[in-house]
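Reader: I am new to this structure and would like a close look at a single part of it. Please take me through that part step by step.

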Amino acid sequence: MTEYESKPTTGVWWDINTCPVPKDYDPSRVRPSIEAALFKLMGPHPVVIYCVGNLEYISRSLLEKISSSGILLKHTPLRLVNHLFYLSFFLPLINT
């Protein structure tokens, strides 16, 4: 196991409905931008990025570009569902 692999994975939840990709921004650059910011803060480490929100109203081409960069898509149509999704994922991590 390398030093990189032994570091904890950082999970990023990006709510695309409240924080959309800017109109003139290349969606395939979202992941590298997030990773670069995290690298400055924490150094090299594994990163998993989830794009969450009501994906029904996001264009298919935009979602494909986001997904092809390695960002995982999670359709959560209701705000309450978003909060429950976050809690169901974070609570087990906090207790470990």
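How many aromatic pairs does the structure hold?

Author: The structure holds one aromatic pair. This is a predicted model, in which local features need pLDDT of at least 70, side-chain atom pairs count only at pLDDT 80 or more, and totals for chains, interfaces and linings use all residues. Residues are numbered from 1 along each chain as its sequence is written, and side-chain values use heavy atoms, with hydrogens and water left out.

The pair is made by tryptophan 13 and tyrosine 50, which are stacked at 4.9 Å centre to centre with 20 degrees between the planes. Rings of Phe, Tyr and Trp (its six-membered ring) pair if their centres lie within 6.5 Å; planes under 30 degrees apart count as stacked, over 60 as edge-to-face and the rest as tilted. Tryptophan 13 belongs to strand 1 (residues 10–15) and tyrosine 50 to strand 2 (residues 47–53), so the pair ties together parts 37 residues apart in sequence. Helices (H or I, at least four residues) and strands (E, at least two) are DSSP runs, numbered from the N terminus.

Both tryptophan 13 and tyrosine 50 are buried, that is, under 20% relative accessible area, where exposed is over 50% and partly exposed lies in between (1.4 Å probe, protein chains only). In strand 2, six of the seven residues are buried, so this strand is largely enclosed by the rest of the structure.

The two strands of the pair run parallel and are joined by six bridges; strands pair if DSSP finds at least two bridges between them. Within this pairing, tryptophan 13 stands opposite tyrosine 50. From strand 1 the chain crosses through helix 2 (residues 30–42) to strand 2, a right-handed β-α-β crossover. Right-handed means that, with the strands pointing away from the viewer, the path from the first strand over the helix to the second runs clockwise.

Strand 2 also pairs with strand 3 (residues 72–75), in the parallel sense and over four bridges. There, cysteine 51 has leucine 73 of strand 3 as its bridge partner. Strand 2, helix 3 (residues 60–68) and strand 3 form a right-handed β-α-β unit.

As for confidence, pLDDT is the predictor's confidence in each residue, from 0 to 100. The protein averages 83, and 74% of the residues score at least 70. Among its elements, helix 3 has the highest mean pLDDT (97) and helix 4 (residues 79–94) the lowest (55).
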